[in-house]
Amino acid sequence: MKKYLLTLVVLLSLSMAASAQDAELLDPTPPGPFIKFSEMSHDFGDIEQGDRVEYTFEFTNTGDAPVVISNVLTTCGCTASSWPREPIVPGASSKIEVTFNSTGKIGHQNKVITIMSNATNNPERVKIVTNILPKADS
């Protein structure tokens, strides 16, 4: 009985080690700079037409070389962003600030922000989502 239990424990631990190795093979970080966002999307929920809302996307350079962001592109003039102009060294974190102005818009909005850089996962995209309700009459 002890041999059977010991064999089962050994097989289970080998199986778990193989699963961990398989996970590393499925999602390896390639050599070079790599941008990893803590969130890929942010939903503002319902807002009123004319509202301005802001969100900060945080990211970390999980690669092995500095990340340099060259540009941040938006899907329309309604989003404005600020981003770091200096290199982000491996292991360091930074942020991209996004502002959405809902003036002149109504209904569901899905805006994509494209981050251009020297990262191996270039370009990277994050998005903001919201539903714009008509402005309540005062």
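**Entry 1: Ile-115.** I began with the contacts of Ile-115, setting aside neighbours within four places in sequence. Ile-115 touches Ile-35, Phe-37, Ile-69, Asn-71, Ile-96, Asn-122, Pro-123, Glu-124 and Val-126; contact means heavy atoms within 4.5 Å.

**Entry 2: ground rules.** I note that this is a predicted model, in which local features need pLDDT of at least 70, side-chain atom pairs count only at pLDDT 80 or more, and totals for chains, interfaces and linings use all residues. Residues are numbered from 1 along each chain as its sequence is written, and side-chain values use heavy atoms, with hydrogens and water left out.

**Entry 3: the core.** I looked up the largest nonpolar core and found 23 residues in it. Such a core is a set of buried Ala, Val, Leu, Ile, Met, Phe, Trp, Tyr and Cys residues joined through side-chain atoms within 4.5 Å; buried means under 20% relative accessible area with a 1.4 Å probe, protein chains only. Phe-37, Ile-69, Ile-96 and Ile-115 have the most contacts inside this core. Two or more residues each come from E1, E2, E3, E4, strand E6 (93-101), strand E7 (107-117) and E8. Strands (E) are DSSP runs of at least two residues, numbered from the N terminus. E3 gives the largest share of the core, 4 residues.

**Entry 4: aromatic rings.** I searched the whole structure and got 3 aromatic pairs. Rings of Phe, Tyr and Trp (its six-membered ring) pair if their centres lie within 6.5 Å; planes under 30 degrees apart count as stacked, over 60 as edge-to-face and the rest as tilted. Phe-37 and Phe-57 are edge-to-face, at 6.4 Å centre to centre and 90° between the planes. This pair links distant parts of the chain, as Phe-37 lies in strand E1 (residues 35-37) and Phe-57 in strand E3 (residues 52-61), 20 residues apart. The ring centres of Phe-37 and Phe-59 are 5.5 Å apart with planes at 50°, so I list that pair as tilted. Phe-37 in E1 and Phe-59 in E3 are 22 residues apart. Phe-37 and Phe-57 are both buried, and Phe-59 is buried too. One aromatic cluster holds Phe-37, Tyr-55, Phe-57 and Phe-59.

**Entry 5: the sheet.** I traced an open sheet of 4 strands, in the order E2-E8-E7-E4, with mixed pairing; two strands pair if DSSP finds at least two bridges between them. Strands E2 (41-48) and E4 (69-74) stand at the edges with a single partner strand each, so one side of each has no neighbour in the sheet. E2 pairs with strand E8 (residues 124-133) in the parallel sense over 6 bridges. Glu-48 has Leu-133 in E8 as its bridge partner.

Notes:
Buried < 20%, exposed > 50% of the residue type's maximum accessible area, 1.4 Å probe, protein only.
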